[in-house]
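Hi everyone, thanks for coming. I'd like to walk you through a model I've been looking at, so please have a look at the screen.

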Amino acid sequence: MVEKIRAWWGGWPLGQLAFLLAVGALGALFIANVLETMARIGILPGFGFLSSSANFEIGESPIAFRAGDTYRRAILAGLLNTLKVSLLGCVLATILGVAVGIAGLSRNLLLSRLVRWFIEITRNTPLLLQLFFWMALAKALPAPRQASALFGSVFLTNRGVYIPSLSLEGGPFGLAAALVLTGLASLAFILVLRAAGRLTRRSGTFAVMLALAAPLAFLVLSGARPAAELPALSGFNIRGGLNLSPEFAALLTGLVVKFAALIAEIVRAGIQSVGTGQWEAARALGLHDGQIIRLVVLPQALRVITPLTTSSYLDLTKDSSLAVAIGFPDLVSIVNTTANTTGQSLEALIILIGAFLTINLALSVLMNVYNNRVALRGSRR
Amino acid sequence: MTAGPPRLLPALRAGLFGTRANTLITLATLLVLSQVVPPLLRWAVLDATFSGNAGACTREGACWAFVAAKLRFILFAFYPPDLQWRPVLVMLLLGAILAASAVPRLWGRPLILAWPLTILACWLLLQGAFTATPIPSNQWGGLPVTLFVWALCLAAATPIAILLALARRSTLGGLRTFSVLYIELMRGTPMVAILYVAMLILPMALPDGLSIDKMLRAIVMVTLFWAAYIAEVIRAGLQAIPHGQAEAATALGLGYWRTQRLVILPQALRIVIPGLVNLAIGFLLATSLLAVIGIFDLLNAARAAAADPQWLGFYNEAYIVVAVIYFAICFGASRYSRWLERRLAGGGAGPAPAGGTSATSRKE
């Protein structure tokens, strides 16, 4: 044991110890100074302020929040907003990014040139500038009364974007839980079979069919009907559907556009990393283009794409913090307001940094699990 | 690309209408373009106002008269106009040192010494040294501030990053752990949060008598933040150097520091230079976040220009000007990075790290 620690610690023990002690002393000095300053301006250090009531409104939040609720709930609302925009951003940026990346590889000169310019412009201007631009655009949209519908039911207005919403009518509450359960069950089924090495096309198809059929059966049996609610103009405003605030719409658009361009580059680099010889060899074996992409190119390209996309997701999550500059109430914005109203800046920033470290760590663990699945068998560590 | 006019046309025809699918794609793209381009053109050129005052501008078209009137403010913000030659000189100095750094033949000791001297000169110039009244940093603004903060933070972060990367690769467990924790902490935190630490915590953490201004606090924290990102790029370069190099140096009787300085680092840094250029481009874009804590960098100055009561609301025009400036700098730099990558790969500078320097790894 002692040997192990000594080997880990390595040489130059006194020097290292002195360095670490110096860093620790500097940190202690800073903290002592902060506490002293807090005492001087009459602020009690600690997280007790979380239970006192916050006297500000939050523009939008997945959970109900009114002025007078606790700071804890305010920060939770901010965290949920951050998670919402990051998650949606990652999904949409991936879809758009893959599409743009493939379009950029197209042999069509016009399309690939356009994609090139889109990527260069997006990559070479600051994200904050793009967010300001989207925000200015969102504010310049027509008022609800003048707005015309896109595809019949999407309204772009200066009060936000209205899109159709989906809901279940008349169904028992247990339905949603049942749907989730069957989905998880068939996922578990596939994973177990796969781990046992017994996953065949037949059992896999069976599990997928089961996952699809179960909710349908529930729908028929319980009498619940999914209902789409379309937004429509009534009076001076648009009612019904789902309203995305201008801030949320601008932030989401900005993040998705910027990161789609980055992901498109990653996809292009990944696909181009597979040598042309692979294509030729696969063609010689008589595979057609779809098969080549699915069986030969994609598995190899994913090895390049996955780690790079992971860091894009992490960056997107961190960059969602720019919300504070355009007034979307994300975690950063609410923590900042909290720090300003309570004076508990140290605690507020500890919460902020802790939350982002946790999200980043969780996301990178998740993506590393996936990366290990696509990585070369020999290069697993 | 090098095809002359005679071969251009067939290539164009094949590229646009080669197959039936290709023709369809071309037509669909043209259809989309026909919806987007004419209104944009009408706004930017046909309906635009090019001179006169705010009253002459219509809301239908762009107001380029605004840009003409406000360009000085966008570029220099609140810097005293009669001393404007100072920020202009700062931009020239920074441009000169960047241009010199871009030439591989000049890489060497004189350049390393020239960097701190240039930055010091810029600092003195901006501060208004040798004038009757010094110019406080809250009057600095615009493009010189963006470039200056960027260059200063980059120059200060690089030596820290080299030490962090060496510590992370060393056999000394204590230092290694410190380095890993530091790098992961910084890389897991958004830059906005780091700027808030500079704004809110740093003033409280400093001893009573000592207070430093907002600009300097931001520079300190941003330097510490960027060092973590640069350290990771340098680590990739260190990993690419075969172990035999260090062993050979040790066999020749070189100690640890001389081995690193004379053998390992020159090779490692040369490999990662394209990666560092990409990172630097990302950092230049990231300096725009200084707007969040109220520093009048280029972007914030443009926003303030559009908030002028006499020229209220020409945000789009202001943002376009800023976008063009950023684009010109960053696009040029990324072209340079491509060129450098090819040159270094051809120049026998050692193996390029796999995937490490691809154009995709860029941080903002």
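Predicted model: local features only at pLDDT ≥ 70, side-chain atom pairs only at ≥ 80, totals over all residues.

Chain B has 13 helices and 0 strands, and its C-alpha trace spans about 75 × 70 × 35 Å along the principal axes. Of the 364 residues in chain B, 48% are buried. If we take contacts in chain B between residues at least 6 apart in sequence, 71% of them join residues at least 24 apart.

Let me pick out two residues here. B:Thr223 sits in helix H9 of chain B, residues 214-240. Is B:Thr223 buried or exposed? B:Thr223 counts as buried, because its relative accessibility is 6%. Setting aside neighbours within four places in sequence, B:Thr223 is in contact with B:Cys153, B:Ala156, B:Ala157 and B:Ile160.

For contrast, look at B:Asn138, in the loop between helix H5 (109-127) and helix H6 (143-169) of chain B. With a relative accessibility of 60%, B:Asn138 counts as exposed. The C-alpha atoms of B:Asn138 and B:Tyr79 are 9.0 Å apart, although 59 residues separate the two along the chain.

Now for the interface. Chain A brings 62 residues to the contact and chain B brings 61. Together they bury about 5,100 Å², and carbon and sulfur atoms give 69% of that area. Which three residues supply more of the area that chain A buries against chain B than any other three? They are A:Arg123, A:Asn124 and A:Phe132, with 12%.

On the polar side, 11 residue pairs are in polar contact across the interface of chain A and chain B. By class, the chain A side that touches chain B has 37 nonpolar, 14 polar and 11 charged residues. How many salt bridges are counted between chain A and chain B? The count is 1. B:Arg335 pairs with A:Glu120, and the closest N and O atoms are 3.6 Å apart.

That brings us to salt bridges in general. Over all chains the structure holds 12. In chain B, B:Lys70 and B:Asp308 form one, with the closest N and O atoms 2.6 Å apart. B:Lys70 is in helix H3 (residues 64-76) of chain B and B:Asp308 is in the loop between helix H12 (298-306) and helix H13 (315-346), so this pair ties together parts 238 residues apart in sequence. B:Lys70 is buried, at 13% relative accessible area, and B:Asp308 also counts as buried, at 17%.

Back in helix H9 of chain B, B:Glu232 meets B:Arg168 of helix H6 of chain B in a salt bridge of 2.8 Å, N to O. This pair ties together parts that are 64 residues apart in sequence. B:Glu232 is buried, with a relative accessible area of 15%, and B:Arg168 counts as buried at 15% as well. Elsewhere, salt bridges that share partners join A:Arg116, A:Glu120, A:Glu265, A:Arg268 and B:Arg335 into one network.

Last stop, the sheet in chain A. Four strands form an open antiparallel sheet in the order S1-S2-S3-S8. Its edge strands are S1 (149-150) and S8 (242-244), each pairing on one side only. Strand S1 is joined to strand S2 (residues 154-157) by 2 bridges, and A:Ala149 has A:Phe155 as its bridge partner in S2.

Terms used: Residues numbered from 1 in each chain as written. Chains lettered and ligands numbered in written order. Heavy atoms only, no water. Buried < 20%, exposed > 50% of the residue type's maximum accessible area, 1.4 Å probe, protein only. Contact = heavy atoms within 4.5 Å. Buried area = accessible area lost by both parts, 1.4 Å probe. Salt bridge = Lys/Arg side-chain N within 4 Å of Asp/Glu carboxyl O. Polar contact = N/O pair within 3.5 Å; in protein donor to acceptor, adjacent residues only side chain to side chain. Nonpolar A, V, L, I, M, F, W, Y, C, P; charged D, E, K, R; others polar. Pairing = 2+ DSSP bridges.
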